[in-house]
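The following exercises, each with a worked solution, concern the structure shown below.

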Amino acid sequence: MPPSADAMSAPGDAAAAAAADVRMISSKELRAHASPDDLWISISGDVYDVTPWLPHHPGGDLPLVTLAGQDATDAFAAYHPPSARPLLRRFLVGRLSDYTVSPASADYRRLLAQLSSAGLFDRVGPTPKVQLAIMATLLCAALYLVLACAAASAHLLAGGLFGFIWIQSGWMGHDSGHHRVTGHPLLDRVLQILSGNCLTGLSIAWWKCNHNTHHIACNSLDHDPDLQHMPLFAVSPKLFSNIWSYFYRRTLAFDAASKFLISYQHWTFYPVMCVARINLLTQSALFVLTEKRVPQRLLEIAGVAAFWAWYPLLVSCLPNWWERVAFVLSSFTICGIQHVQFCLNHFSSEVYVGPPKGNDWFEKQTAGTLDILCSPWMDWFHGGLQFQIEHHLFPRLPQCHLRKVAPAVHDLCKKHGLPYSAASFWDANVLTWKTLRAAALQARNATSGAAPKNLVWEAVNTHG
């Protein structure tokens, strides 16, 4: 398809390029500029040198590095409003001489433009207000049960309520990381810190770094951190080859300890999910303290520190140690439901090794994602993850619109012969368990490397 058919082209871009008499650049030359020190990308056929922008990119440097030296039109359009396009002009260096658009990408861009014209990206609906009301109600109930009730059963129930509060906070943090939930950037930021860092102990900056990379490199075994769970879990025998993680910048070692743990992963998966919160809290703290680039680091640290002040203090109000342990385990176990939900959408889907290709964005997002079939009245339980395919294609779209656009996405997949995978919550769990079991059986016969250097450190770098 010629460039003129690209539905995402900005009206003034072609004229601006002609006026500046920019040079024509081949895809081969574009691919030669694919390092952090020399990073070019192509958007709608225009080539930009975004090397100076790398340390300032709000989404972090990893999304740009992952798509370096190739077309990034679909990823850019999915993550940025049209108002962001004029900001690119200062980085313009030329135009692709062999620019083409696949039929699937062309249809995807048309649908994206239609949703934007309909104003769906700007209408968040009542979801954030409902989530805040639920969290406030549950928080008051949980505090009453801890501070005003003497029964052990009341304290155990309070722990479970905190688990549900953290789940709702997770949905709000997820949505606020993708789009504005209040309409005001400052208010959104306050909401993120209070409902995320302070209430749950998880840094929103850590989550965005991880989650943005996951979206860009959906189900890439060496680029997507959400599939890099060594030494506890492996969704594919391809992970038994000691592959390099571009997210953690280290080798995912398949050693003797990994082989043993993965060999029984289909039995340990659900128990581990019950305490996976420990790992996320550790990951978050390490990120805000040790990562070189953390936006508003002091604010992030202060929010996480606030959690570590109030939560242990609340636990200490319980009368004895067994109730304290039961309270913490109850809150972690209930919240483990959400950790399982995160895994269901991708563990059983197609995986690959290598960086994603910008010109097959639509194909990669649909192949690596699973929707969860449910009735509308159960949407509150899944927090938008039930339409994971739609969410990955349109990450800025508020979850209240995902059910509306699902039929259009299904039709596009059918038109282009692409998978549109969906299963009930039960069946999705079965598929995930079977995936883990198949990899576990293969791990028992695989050849492992040397003994682990530090099993504790490897486990800390596992995402739950």
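**Exercise 1. Determine how helix α6 and helix α7 are oriented to each other.**

Solution. Begin with the axes: those of α6 (residues 127-147) and α7 come within 9 Å and cross at roughly 160 degrees. Here helices (H or I, at least four residues) and strands (E, at least two) are DSSP runs, numbered from the N terminus. Axes are lines fitted to C-alpha atoms, for helices over the stretch in contact, and angles run from 0 to 180 degrees between N-to-C directions. Next, apply the classes: angles under 35 degrees count as roughly parallel, over 145 as roughly antiparallel, 65 to 115 as roughly perpendicular and the rest as oblique. α6 is therefore roughly antiparallel to α7. The residues of this contact (heavy atoms within 4.5 Å) divide into 20 nonpolar, four polar and one charged. In this division Ala, Val, Leu, Ile, Met, Phe, Trp, Tyr, Cys and Pro count as nonpolar, Asp, Glu, Lys and Arg as charged, and the others, Gly among them, as polar.

The model is predicted: local features need pLDDT of at least 70, side-chain atom pairs count only at pLDDT 80 or more, and totals for chains, interfaces and linings use all residues. Residues are numbered from 1 along each chain as its sequence is written, and side-chain values use heavy atoms, with hydrogens and water left out.

**Exercise 2. Locate Gly177 and describe its surroundings.**

Solution. Gly177 lies in helix α7. With a relative accessibility of 18%, Gly177 counts as buried. Residues up to four places away in sequence are set aside; Gly177 then touches Gln192, Trp207 and Lys208. As for Tyr144, 33 residues separate it from Gly177 in sequence, and the two C-alpha atoms are 31 Å apart in space.

**Exercise 3. Classify the crossing of α13 and α14 and name the residues that make the contact.**

Solution. The axes of α13 (residues 297-316) and α14 (residues 321-344) come within 9 Å, crossing at roughly 130 degrees. The two helices are therefore oblique to each other. On the α13 side the contact is made by Tyr311, Leu314, Val315 and Ser316, and on the α14 side by Arg324, Phe327, Val328, Ser331 and Phe332. By class, these residues divide into six nonpolar, two polar and one charged.

**Exercise 4. Which backbone features mark Ser44, Asn242 and the bond between Met230 and Pro231?**

Solution. Take Ser44 to start: it has a positive phi of about 55 degrees although it is not a glycine. Ser44 sits in the loop between β3 (38-43) and β4 (46-49), and at 2% relative accessible area Ser44 is buried. Asn242 likewise is not a glycine, and its phi is positive, about 55 degrees. Asn242 belongs to the loop between α9 and β6 and counts as partly exposed, at 35% relative accessibility. Finally, Met230 and Pro231 are joined by a cis peptide bond with omega of about 10 degrees. Pro231 is placed in the loop between α9 (204-216) and β6 (244-245).

**Exercise 5. Are Phe362 and Thr432 buried or exposed, and which residues are they in contact with?**

Solution. Phe362 is found in helix α15 (residues 361-367) and counts as buried at 1% relative accessibility. Apart from neighbours within four places in sequence, Phe362 is in contact with Ala104, Tyr108, Leu393, Leu412, Cys413 and Leu418. Thr432 is found in helix α19 (residues 425-445); at 0% relative accessibility, Thr432 counts as buried. With neighbours within four places left aside, the contacts of Thr432 are Phe269, Cys343, Leu344, Phe347 and Ser348.

How values were computed: Buried means under 20% relative accessible area, exposed over 50%, partly exposed in between (1.4 Å probe, protein chains only).
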